[in-house]
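Please keep the sequence and the structure in view while reading.

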Amino acid sequence: STHTYREKIATINNCRDGGLDVCSGGIVGLGESGGDFIDMMMALRELPVKSVPINILTPVAGTPFENNDLLDSEYVERVFHLARIILFDREIKFAAGRARYKELESVLLGECLNGAITGDMLTTTGKTIKEDINFIKCL
């Protein structure tokens with residue numbers, strides 16, 4: 001709410017014009033519809049972003065979304081596959097929510113993801129780098 005959508009787009013373009021590789025994504029599970037998610041992916045397709053991290057909301061007590069339902073694994077899997085189809089030429093990364101959807105990680109990395117964000121997120125604990133290195137070795 002501190003910046004308008006237009007200001008955010010201008011920042012992305014300014015960063016790209018300044019020679020930076022831009023990373024921009026979003027959070028799924030805030031109460032949006034499937035159409036809203038597709039609209040977000042289509043907007044990102046029009047932007048000069050190289051990497052798209054997708055966060056899956058983990059409801060946290062004391063936040064405005066603490067009572068949101070957890071997304072089921074099948075829906076999360078569809079989210080990432082749709083992102084891959086729409087953003088076929090971008091890096092798609094699993095960000096927040098990885099710890100909750102562990103069973104999907106190896107499947108998604110094999111099918112549609114380029115990578116994952118490691119470490120803690122803004123309001124949740126993520127996987128440590130050591131855990132991720134062990135996970136990758138197991139793959």
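Begin with Arg-98, which forms a salt bridge with Glu-105; the closest N and O atoms of the two are 2.5 Å apart. The structure shown is a predicted model, and the distances and areas in this text are computed from its atoms. Is Arg-98 buried or exposed? Arg-98 has a relative accessibility of 4% and therefore counts as buried.

In general terms, side chains of opposite charge can pair when their charged atoms come close. Another salt bridge joins Arg-78 to Glu-74, with 3.0 Å between the closest N and O atoms. How many residues apart are Arg-78 and Glu-74 in helix α3? They are four residues apart in this helix, so about one helical turn separates them. Arg-78 is partly exposed, its relative accessible area being 46%. Glu-74, with 52%, is exposed. The two residues fall into these classes because exposed means over 50% relative accessible area, and partly exposed covers the range between buried and exposed.

A further salt bridge links Lys-93 and Glu-91, where the closest N and O atoms are 3.5 Å apart. Lys-93 has a relative accessible area of 21% and is partly exposed. Glu-91 has a relative accessibility of 26%, and Glu-91 too counts as partly exposed.

Which residues line the second largest pocket? The lining consists of Tyr-5, Lys-8, Ile-9, Ile-12, Ser-24, Met-40, Ala-43, Leu-44 and Leu-47. Two helices, α1 (5-17) and α2 (34-45), each supply at least two residues of this lining. Helix α1 gives the most, with four residues. By type, the lining divides into seven nonpolar residues, one polar residue and one charged residue.

Ile-38, Met-42, Leu-82 and Ile-85 make a nonpolar surface patch of about 320 Å². The elements that give two or more residues to the patch are α2 and α3 (73-86). Two members of the patch can be looked at one by one. Met-42 lies in helix α2 and is partly exposed, with a relative accessible area of 32%. A residue needs over 30% relative accessible area to be part of a patch, and Met-42 has 32%.

Ile-85 counts as exposed, at 61% relative accessibility. Between Ile-85 and Thr-11 there are 26 Å from C-alpha to C-alpha, and the two are 74 residues apart in sequence.

Two more residues complete the walk. Pro-64 is found in the loop between β3 (49-56) and α3. With a relative accessible area of 76%, Pro-64 is exposed. Pro-64 and Phe-80 are 16 residues apart in sequence, and their C-alpha atoms are 25 Å apart in space.

The last stop is Cys-138. Where does Cys-138 lie? Cys-138 lies in helix α5, which covers residues 129-138. At 72% relative accessibility, Cys-138 counts as exposed. The C-alpha atom of Cys-138 is 9.7 Å from that of Ser-106, a residue 32 residues away along the chain.

Conventions: Residues are numbered from 1 along each chain as its sequence is written. This is a predicted model: local features need pLDDT of at least 70, side-chain atom pairs count only at pLDDT 80 or more; totals for chains, interfaces and linings use all residues. Side-chain values use heavy atoms; hydrogens and water are left out. On a 1 Å grid over the protein atoms alone, a cavity is a set of points where a 1.4 Å probe fits but cannot get out, and a pocket is an open set with protein on both sides within 12 Å along at least five of seven lines; lining residues have an atom within 4 Å of a point. Ala, Val, Leu, Ile, Met, Phe, Trp, Tyr, Cys and Pro count as nonpolar, Asp, Glu, Lys and Arg as charged, and the others, Gly among them, as polar. Patches are made of residues with over 30% relative accessible area and no salt bridge: like charges are joined within 9 Å, nonpolar side chains (Val, Leu, Ile, Met, Phe, Trp, Tyr) within 5 Å. Accessible areas come from the Shrake-Rupley method with a 1.4 Å probe; for residues, only the protein chains shown count as cover. A salt bridge is a side-chain nitrogen of Lys or Arg within 4 Å of a carboxyl oxygen of Asp or Glu. Buried means under 20% relative accessible area, exposed over 50%, partly exposed in between (1.4 Å probe, protein chains only).
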